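Please open the model in the viewer and keep the selection panel at hand. The stops below are given in the order in which they may be selected.

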Amino acid sequence: MKARVYVTLKNGVLDPQGKAIHHALEGLGFGGVADVRAGKMIELDLADSITDADLDAMCRALLANTVIENYRIERGA
Amino acid sequence: MKSAVIVFPGSNCDRDLAVAIRDVTGVAPVMVWHRETALPEGIDLIGVPGGFSYGDYLRSGAMAARSPIMRAVADAAGRGARVLGVCNGFQVLTEAGLLPGALMRNAGISFVCRDVALTVANTDSAFTRLYDAGETITVPVAHHDGNYTADPETLDRLEGEGRVAFRYAGAVNGSARDIAGVLNEAGNVLGLMPHPERMIEAAHGRSDGRRLFEGLVESVAA
């Protein structure tokens, strides 16, 4: 079973990388972009025995730093 | 004074820190590999060095903070041993939960590598006791992720409890309230982005970082 964990910066936390991407898009002539936030996606290949609670524990222990980041878990088939 | 320096894969300032500790204390620290699960008995000072442990994978300091040795470091800190985290070491200590907050990408995106002016904001700790309150010192920085972040309540608490040890005297990396270094609640754990170990003798141009180590020697002897 596969799961994807999306890690994003919390609202209000300055995202210098998102800002740089935004500026680069503007530099390429792409208008109409109000804001850019960069995050990361971590794909996990899991044994069937892994529960939602296990996945949540993994996120809190390592995959996300909850001081500055939120995470969202998407479980596949 | 008995000291140790932790060595992670990718650390590149472990020897700088070891040389500074050896020069000031007169005794070379024990170099402890991150896979170890115990520190030498009766350790007074643990150095968590700068560098790029695990290539900064996932987040700076994230992997190193989960190394086996970090449990022993947390235990020793709980017993009152001094823990000094420099640069990546500061990132490791926040990731390990030994210090509050987090260090994010510099606000200006660029890697910042230069001497910076710091204001000494606390002169009561084992690390800062030989500095004068409000004194400005010069110490080099070399980092990409030095932008100190914490929620406003945490920042207020740190300031209210005198736990901001050093502030940048000018803009460096976007750090909240210009924070360059913070102490834990008990005052025996310090994390800072600048490198005091690179400013300890005439050959370095200045020796402003030396008193941090001399203060540690004094505090352990006291």
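Select B:N184 together with B:L98, B:L99, B:R163 and B:V189, with which B:N184 is in contact once neighbours within four places in sequence are set aside; contact means heavy atoms within 4.5 Å. The model is predicted, so local features need pLDDT of at least 70 and side-chain atom pairs pLDDT 80 or more, while totals for chains, interfaces and linings use all residues. Residues are numbered from 1 along each chain as its sequence is written, chains are lettered from A and ligands numbered from 1 in the order in which they are written, and side-chain values use heavy atoms, without hydrogens and water.

B:N184 sits in the loop between β10 (179-183) and β11 of chain B; strands (E, at least two residues) and helices (H or I, at least four) are DSSP runs numbered from the N terminus. Its relative accessibility is 12%, so B:N184 counts as buried, that is, under 20% relative accessible area with a 1.4 Å probe and protein chains only.

Next, select B:T94 in helix α4 (residues 88-95) of chain B. B:T94 is buried because its relative accessibility is 8%. Beyond four places in sequence, its contacts are B:L99, B:P100, B:G101, B:A102 and B:L103.

Finally, in α6(B), select the buried residues B:L212, B:F213, B:G215, B:L216 and B:S219. Elements covering the buried residues of α6(B) include β9 (164-168) and β11 (189-192) of chain B.

Notes:
Buried < 20%, exposed > 50% of the residue type's maximum accessible area, 1.4 Å probe, protein only.
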